[in-house]
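Please look at the sequence and the structure below. The paragraphs that follow take a few residues in turn and say where each one lies.

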Amino acid sequence: MKKLDEIMELMTDEMADFKASIIKLEELSKQLSTLSIPISTEAFEKNLNIFLGQQQKENNLKDQVLKEIDKKLKYARIIPNYLLILVCSLGIVLLSLLGYFGYSLQERQNEKFELYKILMETNKERYQEYFSEKPEVQDDFKQWLEEKK
């Protein structure tokens, strides 16, 4: 009997604990139902449409920016116009200077050659005069030239 009384006491304690747990569980269930936010499909669709509209606006802006970049890249140049003009004008000036200096060098050489020719002719005339006055020197000079060769 003692054992039966003990078992009965344990059973009543367990049942009281079980009842208390069920009451606590019911309270928590009520709190959960009051705390939960019911999501209706209308609210979900409304929020989704707002988000999709914002995404569409952002995509349109990105597309416009990309189109502008494509246009700029289409007409972009590696070398700017002012640099091309500067290089071409420098090239023309350099070619002009090269032509001028080449021409002036050629003219100077022609003048030197003409001067040399005149000097040689005057020297020949003087030599001829000198040799005509002294024919023996002319023979010595011819020998000296042959030895030099």
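L83 has a relative accessibility of 33%, so this residue counts as partly exposed. The model in view is predicted. L83 is found in helix 3, the element that spans residues 81-133.

Is S104 buried or exposed? The relative accessible area of S104 is 14%, and buried means under 20%, so S104 is buried. A polar atom in the side chain of S104 lies 3.0 Å from the backbone oxygen of F101.

Now turn to helix 1, which covers residues 2-35. D17 has its place in this helix. With a relative accessible area of 49%, D17 is partly exposed; the class called exposed begins over 50%.

The relative accessible area of T12 is 48%, so T12 is partly exposed. How far apart are T12 and N59 in sequence and in space? In sequence they are separated by 47 residues, and in space, from C-alpha to C-alpha, by 69 Å.

Technical notes: Residues are numbered from 1 along each chain as its sequence is written. This is a predicted model: local features need pLDDT of at least 70, side-chain atom pairs count only at pLDDT 80 or more; totals for chains, interfaces and linings use all residues. Side-chain values use heavy atoms; hydrogens and water are left out. Helices (H or I, at least four residues) and strands (E, at least two) are DSSP runs, numbered from the N terminus. Buried means under 20% relative accessible area, exposed over 50%, partly exposed in between (1.4 Å probe, protein chains only). A polar contact is a pair of N or O atoms within 3.5 Å; within protein, one must be able to donate a hydrogen and the other to accept it, and residues adjacent in sequence count only if both atoms are side-chain atoms.
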